[in-house]
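Have the picture open while you read, and take the points in order.

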Amino acid sequence: MPEIVNPETHHEKSDVNVRALLWAVVIFIVFGGVTHLLLYMQFNVLRQKFRGASNAPLTSMARPADDAVPQEPRLQPFKAGNIPPNANTPVTDMDDMRAAEEKALHTAGWVDREKGIVRLPIETAKVLAVQRLGVRP
């Protein structure tokens, strides 16, 4: 079989241009460093600019003389002793709600007498649940 000879084809001396690759890596590292330096400087400029403004009010609306009391119209009074129906305050409402929840949690009572639904104290309900599941405490 005759051998095909092509004088324009020859073996490559190197696969990669190492010098170009090293320059690309150096340029990438320098670009990354410059970018980080610029971002750091920008952050410091913005931090110094807005540091004094951090204590400024968040709104331009005037605050009332007593910061604890919202402006009129109030949906509920903030002073006890008002005549009904506004005799409660948010604080007493929270106390009343928590007391009612504790009473419902620890006492038995009817939820719906017609349907036969009752409310049991939490400890009794736990014992009954364990008994119904067949698991020993």
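1. Start with the strands. β1 (residues 109-112) and β2 (residues 117-119) run antiparallel to each other, paired over 3 bridges. Keep in mind that you're looking at a predicted model.

2. Now the turn. The hairpin of β1 and β2 has 4 residues between its strands, and G116 there takes a positive phi near 80°.

3. Move on to helix α3, residues 122-133. With 12 residues, α3 reaches 16 Å from its first C-alpha to its last, close to the 16 Å expected at 1.5 Å a residue. What comes after α3, and is its phi positive or negative? G134 follows the helix, and its phi is positive, near 75°.

4. Next, jump back to helix α1, which covers residues 18-51 and includes L38. L38 also belongs to a nonpolar surface patch of about 930 Å².

5. Is N44 buried or exposed? N44 counts as buried because its relative accessibility is 16%, and the cut-off for buried is under 20%. The side chain of N44 also has a partner: a polar contact of 2.9 Å joins it to the side chain of R47.

Definitions and conventions:
Residues numbered from 1 in each chain as written. Predicted model: local features only at pLDDT ≥ 70, side-chain atom pairs only at ≥ 80, totals over all residues. Heavy atoms only, no water. Patch = residues over 30% accessible without salt bridge, like charges linked within 9 Å, V, L, I, M, F, W, Y side chains within 5 Å. Areas by Shrake-Rupley, 256 points an atom, 1.4 Å probe, with all protein chains shown as cover. Salt bridge = Lys/Arg side-chain N within 4 Å of Asp/Glu carboxyl O. Helix = DSSP H or I, 4+ residues; strand = E, 2+ residues; numbered from the N terminus. Pairing = 2+ DSSP bridges. Buried < 20%, exposed > 50% of the residue type's maximum accessible area, 1.4 Å probe, protein only. Polar contact = N/O pair within 3.5 Å; in protein donor to acceptor, adjacent residues only side chain to side chain. Expected span 1.5 Å × (residues − 1).
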